Amino acid sequence: MVDFNQVLPDANDLLVGSSIPSLSFKDAKVGDSFTGIITDLRTVQVRNYEDPTKLEFWDDGKPKLQIEVTLATDYADGPDPDDDGSRRVFLFGQKLRAAQEEMRKKGIKKLERGSKFTITLSGTKPSTNNVRTT
């Protein structure tokens, strides 16, 4: 069911889909950072980690929500002529708590378009998703 009080995606997003890649810390080392200027902020529902076509819900049936931050960065993929360097960061769970803590420390009340945004890998821990034993 759609809550019509909620801001829905732009109609053109539905027509063309989203081709903005997410920032990835896959091959990053602790201390590595990504920086960009916020160009868009949206609240979106969390997708299932194993099957991104499925949406996540809390036990009470309410949707799990996250903040999707779109950044203008210098991380464009050279060979791809359509890559303008835009990258997305999803703030949920640990990332959301870390962002809230950092904002409190700096006296920032809210994220705003045009603001500089930096995300840094501060540590790693083993994944609990998709763990297989033989």
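Residues are classed by relative accessible area: buried means under 20%, exposed over 50%, and partly exposed in between, with a 1.4 Å probe and protein chains only. The model is predicted, so local features need pLDDT of at least 70 and side-chain atom pairs count only at pLDDT 80 or more, while totals for chains, interfaces and linings use all residues. Residues are numbered from 1 along each chain as its sequence is written, and side-chain values use heavy atoms, without hydrogens and water.

The protein contains two helices and four strands, taken as DSSP runs (helices H or I, at least four residues; strands E, at least two) and numbered from the N terminus. Their order from the N terminus is α-β-β-β-α-β. Of the 134 residues, 19% count as buried. Contact means heavy atoms within 4.5 Å. Among contacts with a separation of 6 or more, 61% join residues 24 or more positions apart.

Val 46 lies in the loop between strand 1 (33-45) and strand 2. Val 46 counts as buried because its relative accessible area is 9%. Not counting residues up to four places away in sequence, Val 46 touches Leu 55, Glu 56, Lys 64, Leu 65, Gln 66 and Phe 92. Val 46 and Ile 67 are 21 residues apart in sequence; their C-alpha atoms are 9.2 Å apart in space.

Asp 80 sits in the loop between strand 2 (65-72) and strand 3 (86-91). Its relative accessibility is 33%, so Asp 80 counts as partly exposed.
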